[in-house]
Every structure is written in C-alpha cells, then in structure tokens.
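Hi everyone, thanks for coming. I'd like to walk you through one model today, so please have a look at it with me.

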Amino acid sequence: MVLELEVSRQNDKRMSATAKDILDELVRGNAAYASGEVVAYDRERDQTHSASPQFPKAVVVSCLDSRVPVERVFNQGVGDLFVARVAGNVMNDDIVGSLEFALIANEVKLVIVLGHTKCGAVKGACAHVELGSLTQLLDKIQPAIEQAKADASEGTDFDSAAFIDAVAAQNAVHVVEEIKKSSPGIADLAKKGEVLLVPAIYDLESQRVELLS
Ligand SMILES: [Zn+2]
C-alpha cells in the first residue's frame, strides 16, 4: 500500500509538472552533481522504484561514452529517466520508435539530446573513419560537420579539439530536428507545445550540461 501511494504520488507530480519544470529540475540536478553536492546514494529508493510501475519524467538520448553516466549527471535515480544510448547520439528508426513509446505512449514531456565534449564518435566522423557498420553510423554526423564548418570563423583548425566539440554541439541540434522530421506524432506534440525537445552538451571536464536552445 505504501509502495502504491509512492508510485501514485510520483505519477501525479510528473503529470502536473510542465516540461520546463522538469527541465529546471534536471538542470538543478546537474548543478548539484557538477559541484559535488550530490545527496547520498539511496539504495532503498532504487529498490522501491525498481519493483514498481515506471513513470519517468524525461527521455535523454545520449552517446555510448562511458564517461557520461546519464542518471548521475542529472542526479536522478531508478525510474526517473528513459535513456536511449548510441554512439554519437545519432538518430535511427529504432530510437525514433523508442521516443514515440516514451512521448506518445507514456506521456513524457521532455527530451534532452545530450552530446558531449571529447566525443570519440564525432572525432571519428571528422576523420572519416571507416569500420564495419560504424561507417554508416558516423555518416550521420556529416551534416553537423558541414554546419560547424559553415559557422566556424576564418582560420579555424578543423582537427582541433574545439572544432570537434563544436561539431558535437551542432550534432545535438541536428538530431533534435531529425527527430521532428522522422516522427509526425512527435513533431505535432512539439508544435502544440506539449513536449519540449532540447539539444544539450555535457562537458566531461566541468561535468556541466549546457543547454543549446
Ligand atoms: Zn561520444
């Protein structure tokens, strides 16, 4: 009974919050993580939420990188986030389907597409690496490279770490647009203001998330 009440309260809280409220909460969670103010790990809460129905408050599309522990980055626990991970946080049909599951079937209101600095996938795409099925994955980052080149100031070194980070940021922006292009259902919810799609970049050194819109 206590568990049912807890789960029901979690869903009520989620449904009454706006996408902006949820975004603000995640931004505060990241500020706590980056500054080392994270509250003690709550194993009991994780066990409770692991065994109960889920009502995640947001979806995060992240790179595969082992240095981007998504729940910790936003100071969230079990049951709080849907997380879709693929190298370079690129888009594909299965991730679009997963987002439709989260946003349309589960009424989640917020998507964060989270690129990160020092991204190996982005670096590989910039270097035109070819390796099995990775080749076609990295091809999806090419539009971001072209846009970052077009936006770069004169004399920019396209092999520099700063340029690769600029591509990672541009890629997060591009992927948000790809999601809307690929899913009429999500595009419609976004147009009506019922869901918010936010590109963002995570700095591995400062551990801070910067929103890009
Ligand atoms: Zn990466």
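Let's start with a question: in which sense do β4 and strand β5 (residues 209–211) pair, and over how many bridges? They pair in the antiparallel sense, over 3 bridges. Strands here are DSSP runs of E with at least two residues, helices are runs of H or I with at least four residues, and both are numbered from the N terminus. Two strands count as paired if DSSP finds at least two bridges between them.

Before going on, a word on where this comes from. This is a predicted model: local features need pLDDT of at least 70, side-chain atom pairs count only at pLDDT 80 or more, and totals for chains, interfaces and linings use all residues. Residues are numbered from 1 along each chain as its sequence is written, and side-chain values use heavy atoms, with hydrogens and water left out.

Back to the strands. β4 and β5 form a hairpin with 6 residues between them, and Q207 in the turn has a positive phi of about 65°. Across that pairing, I201 stands opposite E210 in β5. β4 also pairs with β3, in the parallel sense, over 7 bridges. There, H116 stands opposite Y202 in β4. Strand β4 (residues 196–202) is mostly covered, with 6 of its 7 residues buried; buried means under 20% relative accessible area, exposed over 50%, and partly exposed in between, with a 1.4 Å probe and protein chains only.

H116 takes us to the metal. Which residues coordinate the zinc ion? They are C63 through SG, H116 through NE2 and C119 through SG, at 2.0 to 2.3 Å. Donors are N, O and S atoms within 2.8 Å of the metal (3.2 Å for Na, K and Ca), and since water is not among the atoms, sites may look incomplete. The donor spacing in sequence reads C-x52-H-x2-C. C63 lies in the loop between β1 (58–62) and α4 (70–73), and H116 in strand β3 (residues 110–116), so this pair ties together parts that are 53 residues apart in sequence. Both are buried, C63 at 5% relative accessibility and H116 at 1%.

Now the aromatics. The structure holds 2 aromatic pairs. F82 and F101 form an edge-to-face pair, 5.8 Å centre to centre with 65° between the planes. F82 sits in strand β2 (residues 81–85) and F101 in helix α5 (residues 93–105), so the pair joins parts that are 19 residues apart in sequence. F82 is buried at 14%, while F101 is partly exposed at 44%. F158 and F163 have ring centres 4.7 Å apart and planes at 50°, so that pair is tilted. The rule: rings of Phe, Tyr and Trp (its six-membered ring) pair if their centres lie within 6.5 Å, with planes under 30 degrees apart stacked, over 60 edge-to-face and the rest tilted.

Last, the charges. A salt bridge here is a side-chain nitrogen of Lys or Arg within 4 Å of a carboxyl oxygen of Asp or Glu, and the count comes to 9. One of them joins E25 and K57 at 2.7 Å, N to O. This pair links distant parts of the chain, E25 in helix α2 (residues 19–35) and K57 in the loop between α3 (43–50) and β1, 32 residues apart. E25 is partly exposed at 22%, whereas K57 is buried at 13%. E25 and K57 also belong to a salt-bridge network with R45 and D80.

That's my tour, and I'm happy to take questions!
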